[in-house]
Amino acid sequence: MATKNIYWHPKVLCSGWRVVSRARLLFALFGLLFFMNNMAGVVYAQMKVHVDHAQREQGQFFTVTVDGVPSEPTLNVMGRSLRMFRHSGSLWRAFVPVENTTPPGKYRLSFREGEEEQRFEVTVTPNNRPIQKIQLDSSKTGLHATEIEKSRVKRALHTETPEQLFQGVFRRPVSGRTCSLFGLQRSYNGGPVEGYHKGIDISASQGTPVRCTAHGKVVLTGAVENGFLVHGNTVIIDHGQGVVSVYLHLSAIAVHEGQSVEAGEILGNAGHTGISTAPHLHWGLYLYGTSVDPELFEGFEL
Ligand SMILES: [Zn+2]
């Protein structure tokens, strides 16, 4: 304490000592600044990367976070560059979809920020979805997606709003049972497999209210009379940060484009417009434009 008093109490210091002590003080301050600067460098240079699963099936997704970096890290996965979105402070997040057609095997996730790069290896396993044979009656057999339908749907599915609009748990849009799983390979009227089922079908009688799965914004409403011949009456919702939900084959649409919608708000009514064999709801969830199994979201908070 005595030493401290000598250094810091001006009354007991001669002028010479005061000069020395000021020089020491400045030196100490510069040292502290240099140390803090280096500390900041150390914090930002050490990305804390977390990948929630080592292994996922086709049609599922990985949740990845990077903490401790001031600006958006670059994320490369399976030959594709994906945006990461700010979750809070220096924490960045992305939901990495595994396309249903991704061959099973090992893949690399690579994270880069500035000079630092970290790599993680993950495994994709097969979901072994069977082939579903569908018989369409003559009124639906000749239907093909129109150019306007294809281009508008594609654009809406790739919406990447930086803000997180969804909050809380994702809800099932109607309460019926799942009558067709995500990822089933589909063959129509005895023909070859033509793609896979990019959502789930939920049993719902004609006119059942269809409710929004989570908070978001309507990015597309498409009607049969405006060329939506395959999807039927369609609503697509942007939930922010690359998460988009779709509702197809509706008998009626109750919202308009640009409208903000709450979780549970009625978007329209179930029906069987477009290529559909009976009234039901087709519900899809997309990440960066890639379809994943919507049942992974139901009842969960992202
Ligand atoms: Zn469907």
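The model is predicted, so local features need pLDDT of at least 70 and side-chain atom pairs count only at pLDDT 80 or more, while totals for chains, interfaces and linings use all residues. Residues are numbered from 1 along each chain as its sequence is written.

**The largest nonpolar core**
- A nonpolar core is a set of buried Ala, Val, Leu, Ile, Met, Phe, Trp, Tyr and Cys residues joined through C-beta atoms within 7 Å.
- Buried means that 20 or more other C-beta atoms lie within 10 Å of a residue's own, exposed means 12 or fewer, and partly exposed is in between, with C-beta atoms placed from the backbone.
- The largest such core here has 53 residues, and Val96, Ile236, Ile237, Val244 and Tyr247 have the most contacts inside it.
- Strand E18 (residues 243–250) gives the most to this core, with six residues; strands (E, at least two residues) are DSSP runs, numbered from the N terminus.
- At least three core residues come from each of domain 2 (48–125) and domain 3 (131–296), with bounds from an automatic or database domain assignment.

**Two residues with positive phi**
- Most residues other than glycine have a negative phi.
- Met78 has a phi near 50 degrees, a positive value, and lies in the loop between strand E4 (74–77) and strand E5 (80–82).
- Met78 counts as partly exposed because it has 15 C-beta neighbours inside 10 Å.
- Tyr288 also has a positive phi, of about 55 degrees, and sits in the loop between strand E22 (280–287) and strand E23 (290–292).
- Tyr288 is buried, because 21 other C-beta atoms lie within 10 Å.

Technical notes. Helices (H or I, at least four residues) and strands (E, at least two) are DSSP runs, numbered from the N terminus.
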